[in-house]
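Hi everyone, thanks for making time today.

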Amino acid sequence: MKKDITTVRIIPCLDIKNGRVVKGINFVELKDAGDPYEISKIYSKEGADEICILDISASEEGRKASVDMISKIAEGVFVPITVGGGVRSPENMREYLKSGADKVSINTGAVENPSLIRECARIFGSQCVVVAIDAKRVDGKFEVFIYSGKKRTGINVMDWIQKVVELGAGEILLTSIDADGTQQGYDLELINLVAENVDVPVIASGGAGKPEHFVEAVRAGASAVLAASVFHFGKIRIKELKEYLRKNNIKIRT
Amino acid sequence: MDIPKQKIWIIDYEMGNLKSVFGSFRNFIDTVVLSHKPQTDADKIVIPGVGAFGKGIENLKRLKLLDALYELILERGKLTLGICLGMQIFFERSEESPGVEGLKFIRGEVKSLRHISDKIRIPNIGWAKTYISPNSLLFNKLSSYEYFYYIHSFFVIPQEEVKIGELDSDEIKFVSAVHKNNIFGVQFHPEKSGEKGLKIIENFLKI
């Protein structure tokens, strides 16, 4: 398996809609639990290595409000930002990049039109094209799902990762639909399979519940670990998590 | 020491995320201009950018910026900071875009990280331990080792003594910060590297 020359990244993920955080965030120090800017500032101060923002706005105006919010975060929070949500064209991607995203993730849009990956990589560079893959076990194999995990594609995850890397994906954001929301740990088999078979970094997502889970995901081959609710509800604080990883001999940024 | 009054021109040549670079300078001073129009009255110049070497040079040409850069940086000696691709284009050429000439401010070339090792993940994305020269004004009040954020697949190989910093992981090392006369360059992103990165921006404003 290829090795990273960087430290493991801890990435909190915010779901936003119309520029506001979807589920309230439960920190004592937060004045406004729905303000993505304030939350991002706190995460960055706590040592988050990157912040992931998923925009689930359904309307044009909602999306515009989210884009404005991303601009505000990009100008005032000095850690990398990855943005995703409804990217179907290079124009969608350009909009997020212009607002200050460092990387943009494509999910359903890439499955429905794989050449979108190549086009975006050609225009903006592979390093900012993240392909998000939602994987679910079906009959003992990992299958790609789209539309937030609601729709089967019949595509095998192992075939899909080869293809997206060939097309120019610079990173893979890998979510296990089976593990997501369970807080029972990442799907280590899935992470290991993908990390063994690609040269680009793999971000593991779905299932984090305890600090041990992060260690397991890294040992399985993840270059970065993403989580949402355990951070938002203060169950795990990023600062303490990093200390825990360090004690487990995992290279982290101090 | 306070930050002296000055005007910063961040060159917008349509190569990637410039908002954060702008934001990081605005964090310290108001007189920051992000534009593709030459700001001849600027005191200092910042060339950011992510993306391909060839496309970067092509855009500079299309926006008719090459002459302005030679005049302001080489002839008039304005203090300049290149970030990521903005540093790579200071060199003579890049393996990424064969046949394309760089700005040639610094002797040397740009090559794929694959040449260093076939065992590492590429692109190199994340925070890496970096040695920085304590003697450089750009790194004033920072430790000799700091973590900075990188996102790239190519690295510079200078053919002259310009190194002021290098990525230093257990696996590999390569030059990631350079200084020659009035020109500084960094492969990592100070505007994305938290407080330590902002310190570099502040130092640049104080030089």
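Let's start with a network of salt bridges that links K3(A), K251(A), D170(B) and E171(B). By salt bridge I mean a side-chain nitrogen of Lys or Arg within 4 Å of a carboxyl oxygen of Asp or Glu. Over all chains, the search finds 34 of them.

A word on the ground rules. This is a predicted model, so local features need pLDDT of at least 70 and side-chain atom pairs count only at pLDDT 80 or more, while totals for chains, interfaces and linings use all residues. Residues are numbered from 1 along each chain as its sequence is written, chains are lettered from A and ligands numbered from 1 in the order in which they are written, and side-chain values use heavy atoms, with hydrogens and water left out.

Now, which parts of the chains do the single pairs connect? D199(A) and R114(B) form a salt bridge, with 3.2 Å between the closest N and O atoms. D199(A) sits in the loop between helix 7 and strand 10 of chain A and R114(B) in the loop between strand 6 and strand 7 of chain B, so this pair joins two chains. (Helices, H or I with at least four residues, and strands, E with at least two, are DSSP runs numbered from the N terminus.) D199(A) is partly exposed at 33% relative accessibility, and R114(B) is also partly exposed, at 28%. Here buried means under 20% relative accessible area, exposed over 50%, and partly exposed in between, with a 1.4 Å probe and protein chains only.

In chain B, K199(B) and E202(B) meet at 3.5 Å, N to O. Both lie in helix 5 of chain B, three residues apart, about one turn of the helix, and both are buried.

On to the pockets. On a 1 Å grid over the protein atoms alone, a pocket is an open set of points where a 1.4 Å probe fits, with protein on both sides within 12 Å along at least five of seven lines; lining residues have an atom within 4 Å of a point. The largest pocket holds about 1200 Å³, where volume is the space filled by probe spheres set on the points, joined across faces, edges and corners. Its lining has 43 residues, with D15(A), L54(A), I56(A), D134(A) and S148(A) nearest the centre.

The second largest pocket comes to about 840 Å³ and has 38 lining residues. Helix 5 of chain A gives the most to this lining, with four residues.
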